Structure formats: structure tokens, C-alpha cells
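Please view the sequence and the structure first.

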Amino acid sequence: MSPGRWSCPGLLRLIMQHVLPKKFRRVRGYGFIHGNAKKMLFLVQLVLHVKIKEMKPRPRPVFKCPCCKSAMTVVGYRFGLSAPG
């Protein structure tokens, strides 16, 4: 099916594949899968006698000057600004 040629029932079927049934909850925010559950994950690894390799942190991107292409140092951030001007 090409993107511009979906029939109405076909489009509804594609959308409904991403809807959870009634009374179902998303799992990704609970238990040891949660992003802030490092202690719980450590306990699960301890109980199961499993050690998962720690991933190396990815290097941060280097901001380059648009004129001279040399690396710039980030001094600070400004939050809460909607538009310049």
C-alpha cells in the first residue's frame, strides 16, 4: 500500500494496532524497566547471578563555529525562551 492510497478500513486497522485494550497499562514505566530503577535492576542482577556489561557513554557532539569551524565551548543554556526577538 502506498501512503496516499489507503482505504478507510485499512487506515483504521493501522491506527488500531497501536491502541491498547481497555484496562491494559503500558509496561515501560513500571518495575525494573523504568528509567530510574537502577537499584532494582542491580538487585535483579544480584539475585539471578547475572552481570550485564556496562555501556560506555557516548561522546558528546562538538559544536563548531559556523565561520572558522573550530570547536566552541558551551558556557550556559537559556531555558523558557519561545522565540528570538
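## The segment after α2

T73 lies in the segment after α2; helices (H or I, at least four residues) and strands (E, at least two) are DSSP runs, numbered from the N terminus. With a relative accessibility of 71%, T73 counts as exposed. Here exposed means over 50% relative accessible area, buried under 20%, and partly exposed in between (1.4 Å probe, protein chains only). From T73 to V62 there are 11 residues in sequence, and the C-alpha to C-alpha distance is 8.6 Å.

## Basis of the model

The model is predicted: local features need pLDDT of at least 70, side-chain atom pairs count only at pLDDT 80 or more, and totals for chains, interfaces and linings use all residues. Residues are numbered from 1 along each chain as its sequence is written, and side-chain values use heavy atoms, with hydrogens and water left out.

## The chain as a whole

The protein chain contains 2 helices and 0 strands. Among its 85 residues, 5% count as buried.

## Helix α2

Helix α2 covers residues 38-47 and includes L41. L41 counts as partly exposed because its relative accessibility is 32%.

Q45 is also placed in helix α2, and Q45 is buried, at 13% relative accessible area. Leaving aside neighbours within four places in sequence, Q45 is in contact (heavy atoms within 4.5 Å) with V50 and I52.
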